Amino acid sequence: MTSTGTIFQREINAYFLSPVAYVVISVFMIFSGYFFSVMLGLTQETTLRYSLAYTQFILSILTPVITMRLFAEENKTGTIEPLMTAPVTDFEVVFGKFLSAWALYNIMIAPTAFYIIFLAWVGSPDYGAIIASYIGLILMGGLFVAIGILVSAITKNQIVAAVIGIVALLILLVIGLASSGNEGWFYNCLRYIGTYDHWDTFTKGLIDTRDVIYYVSFTALLIFIVVRIVESRRWR
């Protein structure tokens, strides 16, 4: 097993040996199930688009809870020091932790597949839009996890990491929502930086390369920054 795989296995086991995984999955299913049933009742349409409109808000709150302990706990307890002296590269440490949090994120949203089965039972859903929405969910999750890990890497308190992460993600959502429908270069910049429009495109059944590039490039950039932060600790 590679060093990244070892880190991944260690972290994913830590999630399921603690209440974190079970709590975030349960909370997500409660709220996503509520919005699914309410929007289905209101619209009478066999689509996930309207219920998924609330998903970004829920995930903006829950994803930092997943990532808050990844570095903050080790910074506080000092266990980051032995990890830095182990025969692993900084990238392997960061990427292994990133993959474990991203895996839990995807496990968390996986049960929503039952909504698709229900929609197929009561009507004829647009599977193209549903597939695009899930691709968007996965890509958005990568960005959210990367932001959460960055915050965790610069703090020593899990609660602080969670709060800052939630605020950062909600700001990205709000600036996207606030600039939607407005014209001008300033609002165009806000729309591109914010996550709302990029996510909304996927829910319409469209996979725009600009949105894919947005998620992938920003996720890669944030992982790179975290690697540099971790690397700097070797020289302290």
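Is Y214 buried or exposed, and what is its relative accessible area? Y214 has a relative accessible area of 2% and is therefore buried, where buried means under 20% relative accessible area, exposed over 50%, and partly exposed in between, with a 1.4 Å probe and protein chains only. The model is predicted, so local features need pLDDT of at least 70 and side-chain atom pairs count only at pLDDT 80 or more, while totals for chains, interfaces and linings use all residues. Residues are numbered from 1 along each chain as its sequence is written, and side-chain values use heavy atoms, with hydrogens and water left out.

Y214 forms an aromatic pair with F218, with 5.1 Å from centre to centre and 55° between the planes, and the pair is tilted. Rings of Phe, Tyr and Trp (its six-membered ring) pair if their centres lie within 6.5 Å; planes under 30 degrees apart count as stacked, over 60 as edge-to-face and the rest as tilted. Both residues belong to helix 13, 4 residues apart, or about one turn of the helix. Helices are DSSP runs of H or I with at least four residues, strands are runs of E with at least two, and both are numbered from the N terminus. F218 has a relative accessible area of 30% and is therefore partly exposed.

In total, the structure holds 12 aromatic pairs. For F98 and W102, the ring centres are 5.4 Å apart and the planes stand at 40°, so this pair is tilted. F98 and W102 are 4 residues apart in helix 7 (residues 90-109) and are therefore separated by about one helical turn. F98 counts as buried because its relative accessibility is 3%, whereas W102, at 23%, counts as partly exposed. One aromatic cluster is formed by F36, Y115, F118 and W121.

Charged groups also lie over aromatic rings. A charge sits over a ring if NZ of Lys or CZ of Arg is within 6 Å of the ring centre and within 35 degrees of the ring normal. The charged end of K97 sits over the ring of F71, 5.1 Å from its centre, and R69 lies over the face of Y15 at 5.5 Å from the ring centre. Y15 is also one of the residues touched by T67, together with A101, V145, G148, I149 and S152, not counting residues up to four places away in sequence; contact means heavy atoms within 4.5 Å. T67 is found in helix 4 (residues 55-67) and counts as buried because its relative accessibility is 1%.

The largest pocket has a volume of about 230 Å³. On a 1 Å grid over the protein atoms alone, a pocket is an open set of points with protein on both sides within 12 Å along at least five of seven lines, a cavity is a set of points where a 1.4 Å probe fits but cannot get out, and lining residues have an atom within 4 Å of a point. Grid points are joined across faces, edges and corners, and a volume is the space filled by probe spheres set on the points. The pocket is lined by R191, Y192, D197, H198, T201, D208, R210 and D211, and helix 12 gives the most to this lining, with 3 residues.

A search of the whole structure finds 1 cavity of 30 Å³ or more. The largest cavity has a volume of about 80 Å³, and its lining includes F36 and Y115.
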